[in-house]
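Morning, everyone. Let me put the model up, and then we can walk through it.

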Amino acid sequence: MGGGISGHTTAMMLRKLLGKKHSVIVVTPNDKWNWIPSNIWVGVGVMKPEQVTFELKPIYEKLGVEYHQARATSIHPEGDGNYGPFIEIEYTDGRPEEKRKDRLHYDFLVNATGPKLKFEATKGLGPDEHSHSVCTFDHAAETAMHLDEEVERMRKGEKRTFLIGTGHGTCTCQGAAFEYILNLEHELQQRGVRDKAEIRWISNEEALGDFGMGGLHIRRGGYVVHARTFAESLFAERGIKWTVQAGPKQIDRDGVHYETLKGEELHQGFDFAMLLPPFSGVPLKAYSARGKDITADLFAPNGFMKVDADYTAKDYDDWRPSDWPSTYQNPSYPNIFAVGIAFAPPHAIARPRKSPNGNPIFPTPPRTGMPSAVMGNAVAHSIASMIKNGNTQASFAAPMSELGAACIASAGAGLLSGSAASLTVYPLVPDFEKYPETGRSLRYTTGEIGLAGHWLKYFLHYLFMYKAKGHPGWAWIPE
Ligand SMILES: Cc1cc2nc3c(=O)[nH]c(=O)nc-3n(C[C@H](O)[C@H](O)[C@H](O)COP(=O)(O)OP(=O)(O)OC[C@H]3O[C@@H](n4cnc5c(N)ncnc54)[C@H](O)[C@@H]3O)c2cc1C
């Protein structure tokens with residue numbers, strides 16, 4: 001279920017590992033695959049949606065994957081007495097209403113349904129209301145159109161205020177907003193209107209450069225510094241102003257009302273805002289063989305699926321890296337897995353903080369693409385091994401406490417005019433037993449700015465599109 005970064009990786013790898021007598025089936029509501037990281041470039045108008053997407057049908061036909069353009073609505077892990085485990089689906093390909101619903105039998109199920117974009121969590125948030133988004137390629141294309149309008153006004157001499165960041169106290173994905181603001185600043189320079197723009201950042205991070213990772217440290221110029229120094233210097237050099245520790249409560253046509261960690265109720269005006277929504281799991285129900293609702297057994301209250309993590313309630317200081325899942329297998333049904341954003345994290349990585357009014361203002365754990373694809377790959381190998389050897393336990397692990405992440409926040413999509421802030425983080429979930437000083441390896445946690453990182457980002461765009469299309473040698477390209 002889900003043909004995004006993690007689900008597509010799982011399906012392709014399963015198809016490669018399993019013989020033709022096995023069926024690999026993908027159920028996903030879109031007819032296109034989207035390389036989401038490049039939506040940033042669509043959102044500033046330097047790439048078109050066609051450059052970051054491709055049609056799924058011919059690719060799945062070529063690979064031998066059965067494809068249903070549909071949304072999964074419920075899981076029946078015990079079947080219904082007559083029929084083994086199945087999911088219920090609803091087609092989204094425009095077929096007549098009476099033919100829209102169906103059920104699909106499975107032996108193994110991988111939930112890779114990603115996030116539900118919860119714009120409704122903040123009044124007035126989102127592209128249907130008063131702010132823009134780059135979470136999907138069509139949101140990003142619409143954002144670029146509005147940006148063009150702003151540029152036209154600035155060319156006529158008007159001053160405009162741009163507000164970029166997170167649209168709720170519990171958002172994640174600060175890295176994406178960070179990349180958007182750098183690209184926006186670069187693009188306004190390129191279009192000759194930078195002097196007419198005030199560019200502002202707003203986020204729920206405790207400090208700039210936290211990215212939901214609970215304080216990131218890097219070695220620079222012989223010193224160990226908080227990533228705050230890196231991020232603040234990038235903003236200061238570009239004349240970008242910032243507000244952190246902010247939880248937006250309402251977005252109006254011309255501004256955001258937000259609360260701070262100190263409990264202040266403040267307002268920031270804007271002419272153009274790109275604010276990310278918080279995430280939850282997509283709405284899926286689960287039923288037992290007798291039709292009893294067992295959704296709460298399979299899913300955490302935030303809608304993400306429970307896997308082999310330790311979900312026992314603990315104080316923030318008591319959690320361990322080993323609480324994080326490693327095989328992404330559901331504890332109740334060993335033939336069900338959840339990968340990518342769809343699995344339920346056991347706890348926050350950034351320290352949970354609340355305003356004096358009791359409203360949470362801190363980033364939920366970052367859910368980046370590289371680990372999502374690595375998990376998909378590991379789960380495909382586990383399932384193939386379970387089929388081959390008849391074992392019920394998954395044997396391939398990809399714990400976030402042993403996975404790194406590379407994040408390149410580029411600015412500009414041209415070959416010569418861009419630059420990029422490149423961050424590598426290892427491990428994603430800090431481990432203070434292994435790395436007592438900062439929780440992470442100072443050798444593999446790095447931050448650099450320059451044109452080379454930008455080239456790499458550009459190269460990765462084409463490389464990952466190539467891989468996702470299943471072109472020759474795709475399996476050799478790492479996640
Ligand atoms: C603007 C932006 C920039 C980013 N940049 C980076 C970056 O530079 N580096 C990085 O590592 N990460 C980046 N990320 C994060 C990265 O995109 C995600 O981590 C990744 O897409 C997660 O993969 P996924 O498979 O879990 O979810 P997705 O890729 O979102 O895929 C989920 C799929 O499930 C489908 N689906 C939804 N509901 C159902 C249903 N009911 N039934 C079946 N299918 C369903 C969806 O349509 C979608 O196709 C960025 C994110 C954004 C928004």
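Start with burial. A residue is buried if 20 or more other C-beta atoms lie within 10 Å of its own, exposed if 12 or fewer, and partly exposed in between, with C-beta atoms placed from the backbone. Now the ground rules. This is a predicted model: local features need pLDDT of at least 70, side-chain atom pairs count only at pLDDT 80 or more, and totals for chains, interfaces and linings use all residues. Residues are numbered from 1 along each chain as its sequence is written.

Backbone first. Most residues other than glycine have a negative phi, and most peptide bonds are trans. Which residue has phi near 70 degrees? Cys173, and that is a positive value in a non-glycine. Cys173 sits in the loop between strand S9 (160–166) and helix H5 (174–190). Helices here are DSSP runs of H or I, at least four residues, and strands are runs of E, at least two, numbered from the N terminus. Cys173 counts as buried because it has 22 C-beta neighbours inside 10 Å.

Gln245 also has a positive phi, about 60 degrees, and is not a glycine. Look for Gln245 in the loop between strand S13 (241–243) and strand S14 (246–252). It is buried, with 21 other C-beta atoms within 10 Å.

Next, a cis peptide bond. It joins Tyr426 and Pro427, with omega about -10 degrees. Pro427 lies in the loop between strands S22 (419–425) and S23 (446–450).

On to helix packing. The axes of H1 (residues 5–17) and H8 (residues 369–389) come within 8 Å and cross at roughly 30 degrees. Axes are lines fitted to C-alpha atoms, for helices over the stretch in contact, and angles run from 0 to 180 degrees between N-to-C directions. So H1 is roughly parallel to H8, a term for angles under 35 degrees. The contact includes Met13 and Leu14 of H1, and Ala380 and Ile383 of H8. Contact means C-beta atoms, placed from the backbone, within 7 Å.

Now the ligand. How many residues surround it? The count is 34, and the closest are Gly2, Gly4, Gly114, Gly340 and Gly369. The cut-off is a C-beta atom, placed from the backbone, within 6 Å. Elements giving two or more residues to this shell include H1, strand S1 (25–28) and H8.

Last stop, Arg238. It belongs to helix H6 (residues 227–238). Arg238 is partly exposed, with 16 other C-beta atoms within 10 Å. Thanks, over to you.

Note on methods. Angles under 35 degrees count as roughly parallel, over 145 as roughly antiparallel, 65 to 115 as roughly perpendicular and the rest as oblique. Two residues are in contact if their C-beta atoms, placed from the backbone, lie within 7 Å.
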